[in-house]
Amino acid sequence: AAAAPTGASAQYGHWNERGWRTAAYTRVNGRDTDTIRMRGHVRERAIRVCAINQPLNLRDFDIRYQNGGHQNVNTRAVLRAGTCTRAVDLRGHRRDIKTVRLSYSPIYRSSLRPYVRIQVR
């Protein structure tokens, strides 16, 4: 069972065994969309979205780059707690991500809101 994150500083920069690094995370508030701002100017080549503590029906996510471009990723996936989307290669060479807009619906309507994690490599 995955525990809810306790602090943002403890999550940033953590690498797992496959080279994924947590770049941002947030608790989604139950609306249809949420926008997650990314920290700093770090160029990445791949991204994935992970559900941490609750399942989430992730319809798609839109990646906005610092240069004004964007990439829409159609997922139509149910993410169980502790699972992630497939790895998505960023178009172009290594890209600088500004924001990620999630389009989703929670699976369960409860007071415990889903946490999502954006991981990059």
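Gln71 is buried, with a relative accessible area of 5% (buried means under 20%, exposed over 50% and partly exposed in between, using a 1.4 Å probe and protein chains only). This is a predicted model, in which local features need pLDDT of at least 70, side-chain atom pairs count only at pLDDT 80 or more, and totals for chains, interfaces and linings use all residues. Residues are numbered from 1 along each chain as its sequence is written, and side-chain values use heavy atoms, leaving out hydrogens and water.

Gln71 belongs to strand E6 (strands, E, are DSSP runs of at least two residues, numbered from the N terminus). Leaving aside neighbours within four places in sequence, the residues in contact with Gln71 include Phe61, Ile63 and Val88 (contact means heavy atoms within 4.5 Å).

Now to the core. The largest nonpolar core has 24 residues, and those with the most contacts inside it are Ile47, Phe61, Ile97 and Leu102. Such a core is a set of buried Ala, Val, Leu, Ile, Met, Phe, Trp, Tyr and Cys residues joined through side-chain atoms within 4.5 Å. Strands E1 (21-27), E4 (46-51), E5 (56-65), E6 (70-79), E8 (95-106) and E9 (115-120) each supply at least two residues of this core, and E5 gives the most, with 5 residues.

Finally, look at Ala24 in strand E1. Ala24 is buried, with a relative accessible area of 1%, and its C-alpha atom is separated by 7.6 Å from that of Arg37, 13 residues apart along the chain.

Technical notes. Helix = DSSP H or I, 4+ residues; strand = E, 2+ residues; numbered from the N terminus.
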